[in-house]
Amino acid sequence: MVAVSFRCGHGADASSPDSVALSRVCPLCMLLHETQRSRAELLARVAPPQRAALAGETRIGASYEWRCRRGHDRYSATVGQVLTGPSCAKCRANAAGPGARREAGVAFMKPGLRVGTSQVEQRLRMLLGQRIRLHHRVNAVRIARMFYGKQEVWPDILIPQLRVAVEYDDPGRSRRAHRGLKAGSDVEKDEALREVGWEVIRIRAGGLDALGPHSIVCSSLTVAAVDEVIALLRRIRGDAAVDPLLIPQQHAV
Ligand SMILES: [Zn+2]
Ligand SMILES: [Zn+2]
């Protein structure tokens with residue numbers, strides 16, 4: 001069997017004569033990148049005796065023992081499941097329990113969460129903020145299942161008065177691909193929101209296909225795309241719900 005070394009330094013020893021050097025990072029580093037996680041974060045969650053093995057792991061399908069963040073029993077899962085799937089069985093049961101259902105769908109402020117960091121996201125917030133009154137004090141929504149190990153999601157923009165989230169996707173957006181695995185997780189995130197009474201409008205720019213029932217496919221973020229967001233809000237929640245949020249427009253001179 002040929003040993004493979006990866007650009008990230010994982011895998012076989014690149015200086016060994018029997019190894020083949022690949023110019024890409026290992027599958028695990030790639031998944032960490034796509035899911036915006038770090039290996040340090042994973043290492044903090046794995047059972048301590050397995051830490052050394054995980055530090056050099058390249059395979060997404062490799063199984064490890066994990067410690068639950070909330071102190072439940074250890075559970076075994078693959079690295080891929082830990083990064084993209086539900087977490088420990090008790091957390092999952094709690095997420096679907098009566099206490100969680102009461103809070104499900106509630107928008108709240110998650111302190112320290114970096115939102116609107118990309119320029120285009122800031123532009124979307126600005127353009128949309130010129131049309132409707134946006135709530136600036138919320139950035140997260142409590143959901144009724146676990147998503148990436150948390151019981152909440154952080155859409156780009158929240159309109160809690162209408163229970164609608166607006167997401168901006170393009171293939172070049174920093175650190176995110178929005179294709180393949182990311183598209184799958186976007187769909188799952190939308191489902192988690194829909195489950196608690198929210199709808200998601202996705203602006204899909206730069207050649208991305210429609211994703212979900214309320215997609216706006218465009219080449220880039222323009223005023224016309226924002227007009228479509230308003231039209232979709234009306235279609236989803238009705239004029240009577242949207243009208244009170246509108247900011248009177250100054251007509252061009
Ligand atoms: Zn790697
Ligand atoms: Zn747990």
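**Fold and sheets of a predicted model**

In this predicted model, 25% of the 253 residues in the protein chain are buried.

User: How many helices and strands does the protein chain have?
Analyst: The C-alpha trace of the protein chain spans about 75 × 45 × 30 Å along its principal axes. The secondary structure of the chain amounts to ten helices and eleven strands.

User: Among contacts between residues at least 6 apart in sequence, what percentage join residues at least 24 apart?
Analyst: A contact requires C-beta atoms within 7 Å. With pairs at least 6 apart in sequence taken as the basis, the share that joins residues at least 24 apart is 51%.

User: What distance separates the centres of domain 1 and domain 2?
Analyst: The domain assignment places domain 1 at 3–83 and domain 2 at 98–245. Taken over C-alpha atoms, the centres of domain 1 and domain 2 are separated by 31 Å.

User: Which residue in S6 is the bridge partner of Ala107?
Analyst: Strand S5 and strand S6 (residues 140–147) run antiparallel and are joined by two bridges. The partner of Ala107 in S6 is Val141.

User: Why is one side of S8 and one side of S11 left without a neighbour in the sheet?
Analyst: The open sheet in question has four strands in the order S8-S9-S10-S11, with mixed pairing. Strand S8 (157–159) and strand S11 (215–217) stand at its edges, so one side of each lacks a neighbour in the sheet because each has a single partner strand.

User: What is the average twist from one strand to the next in the sheet S8-S9-S10-S11?
Analyst: The order S8-S9-S10-S11 describes an open sheet with mixed pairing. From one strand to the next, the twist averages 15°.

User: What angle does the direction of helix H7 make with that of S9?
Analyst: Helix H7 (residues 119–129) packs on the sheet and touches S8 and S9. Angles here run from 0 to 180 degrees between N-to-C directions. The direction of H7 makes with that of S9 an angle of about 140°.

Note on methods. Residues are numbered from 1 along each chain as its sequence is written. Chains are lettered from A and ligands numbered from 1 in the order in which they are written. This is a predicted model: local features need pLDDT of at least 70, side-chain atom pairs count only at pLDDT 80 or more; totals for chains, interfaces and linings use all residues. A residue is buried if 20 or more other C-beta atoms lie within 10 Å of its own, exposed if 12 or fewer, and partly exposed in between; C-beta atoms are placed from the backbone. Two residues are in contact if their C-beta atoms, placed from the backbone, lie within 7 Å. Two strands pair if DSSP finds at least two bridges between them. Domain bounds come from an automatic or database domain assignment.
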